Amino acid sequence: MNKPAEPNVVIIGGGVSGLATAYFLRRLGIRSVVIEKSRRLGGLIQTDRLEGCLLEAGPDSYLAAKPAVTELAAELPDLKDQILGSNDAARRIFVVRDSKLVPLPRGMVMMAPGDFSQVFRSPLFSTATKLRCLREVLSRPRTRPEDFTVGEFVSEHFGSELLDYVADPLLAGVYGGHAASLSAPSVLPRFVAYERSYGSLIRAVRHERRSPPPRSSLFLSFRDGMQSLTDALARETRVVCGEAECVESWNGKWRVHHGDETIESRDLVLACPAHAAASLLESAAPALASELAGIPYSSAILVTLVYDTSQVAHPLDGFGFLVPQAERRTVAAVTWIGTKFPARIRPGLAAVRAFIVSENATQLLQETQHRVIELVRSDLGRFMGIDAAPRFTVVHAWPASMPQYIVGHAQRLRKITPLLQDLPGLHLTGNAYEGVGIPDCVRLAKETAKRIGSQIQI
């Protein structure tokens, strides 16, 4: 049997970032190999099939407004006809207030009210907050010289109530962190740009609504689940199983040691979490490793509970609900899977997916699954009135999996750039740098492949 040709590029990390990088390199005619320590590829993307249900262990969809995944899917024969939109006719989000589920006013664009009439009729906000929204329209354009938190940004525009009951719980589901520490320019660049151009965020979002985009689903996924994406990419990729233990620069190449083997290549792509990249580079690039180690991460636990529909009296009349910190015991958010993607849950069953994030997740990583499920069921009983035992449950724990774009994140990236330039052939990609969503990962992977392709001699 012929030995595979030496790769031009070694990629460490078999999640969507690493697999997409390998795919785009292949499109450029560049050989690569992916080194992945886990027994499975895909990273946080994993789809389980149980009792006729399709259940996601990680992300269940991606934002349709960001085109990178849709464009990639169009290139992959197995995926181009699989794209599935969310059931937006039933799209409604609830927020827990005083232990009750209150609808988030329609027309909200993140934390910015796009429809005054909806906000004024909503019991979610006090009269003071509603008047604050009226005054926000008078805000003048502003450029801030330094980094600042999401908490400061939202509070200055709308007050603390809208921060606590909208912005913070929304961001908890994406970053698993807190608005008090996340960087507004890094997390909400679109809204910071609105402030510079319009002053008022409300005026900005209302201006955008005058020219609505073509009707489409807010979220997109794949008929057979999100794992369809990483499976399709894996079929296009050469993979070596084993844990990369360290890397070193030697004679104009990069050496990767894993187990008893060493692989050499001109280019090395670290498509793993920043803390893992830091560990690998500790000897070869200590200054860069120090910056990467400074990117904090939070953990997440996802618990899916599947019931017979007769056990769930709640109408499940929306995509789910958010639990603000003031109302939270364990669960930060819940998705009603069968409403968001009806085809994923077979008739006669109702599926509820609960998110545990931040400090709650970190504390519960050491607990048994039985205890975690018990706590989730307690919250579901409190918010949805479900007392029955579920037909079955699935628990997935993701320790140190969610990068935190805290204040100073952009400054850290500015330090990382020149350090990389002093290390020819070394590349970083993934969700720790310039976007945490799957489309961001695919976009950055494509940019990484193009950068390598512009420098490499095939």
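1. First, the ground rules. This is a predicted model, in which local features need pLDDT of at least 70 and side-chain atom pairs count only at pLDDT 80 or more, while totals for chains, interfaces and linings use all residues. Residues are numbered from 1 along each chain as its sequence is written, and side-chain values use heavy atoms, with hydrogens and water left out.

2. H1 has 12 residues and spans 16 Å from first to last C-alpha, close to the 16 Å expected at 1.5 Å a residue; the expected span is 1.5 Å times one less than the number of residues. H1 is mostly covered, with 10 of its 12 residues buried (buried means under 20% relative accessible area, exposed over 50%, and partly exposed in between, with a 1.4 Å probe and protein chains only). Among the buried residues are Val16, Leu19, Tyr23 and Phe24. They pack against several elements, including strand S1 (9–12), strand S2 (32–36), helix H2 (68–75) and helix H17. Just after H1, Gly29 has a positive phi of about 80 degrees.

3. Helix H8 (residues 189–197) buries Phe191, Val192, Tyr194 and Glu195. These residues cover an arc of only 150 degrees around the axis, so they sit on the same side of H8; the arc is taken from the directions that run from the helix axis to the C-beta atoms. Their packing partners are strand S9 (108–109), strand S10 (112–113), helix H5 (150–158), helix H7 and helix H9 (201–209). After H8 comes Gly199, with a positive phi near 85 degrees.

4. Next, look at helix H16 (residues 409–421), whose 13 residues reach 19 Å from first to last C-alpha, close to the 18 Å expected at 1.5 Å a residue. Which residues of H16 are buried? They are His409, Leu413, Ile416 and Leu420. Seen down the axis, the buried residues of H16 fall within an arc of 60 degrees, so they line one face of the helix. Arg414 and Gln421 are exposed on the other side. The cover over the buried residues includes helix H7 (184–187), helix H12 (286–293) and strand S22 (426–428).

5. On a 1 Å grid over the protein atoms alone, a pocket is an open set of points with protein on both sides within 12 Å along at least five of seven lines, a cavity is a set where a 1.4 Å probe fits but cannot get out, and lining residues have an atom within 4 Å of a point. Of its 20 lining residues, the closest to the centre are Leu420, Leu426, His427, Leu428 and Arg451. The lining has nine nonpolar, eight polar and three charged residues (Ala, Val, Leu, Ile, Met, Phe, Trp, Tyr, Cys and Pro count as nonpolar, Asp, Glu, Lys and Arg as charged, and the others, Gly among them, as polar).

6. How many cavities of 30 Å³ or more are there? The count comes to one, and the largest cavity has a volume of about 50 Å³. Grid points are joined across faces, edges and corners, and a volume is the space filled by probe spheres set on those points. Strand S4 (residues 53–56) gives the most to this cavity's lining, with three residues. The lining has four nonpolar, no polar and four charged residues, including Leu54, Glu56, Phe341 and Arg344.

7. Val95 belongs to strand S7 (residues 93–97) and is buried, at 0% relative accessible area. Beyond its neighbours within four places in sequence, its contacts (heavy atoms within 4.5 Å) include Leu101, Leu124, Tyr165 and Pro324.

8. Ser99, at about 65 degrees, lies in the loop between S7 and strand S8 (100–103) and is partly exposed at 31%. Leu316, at about 50 degrees, lies in the loop between strand S17 (297–308) and strand S18 (320–322) and is buried at 16%.

Technical notes: Helix = DSSP H or I, 4+ residues; strand = E, 2+ residues; numbered from the N terminus.
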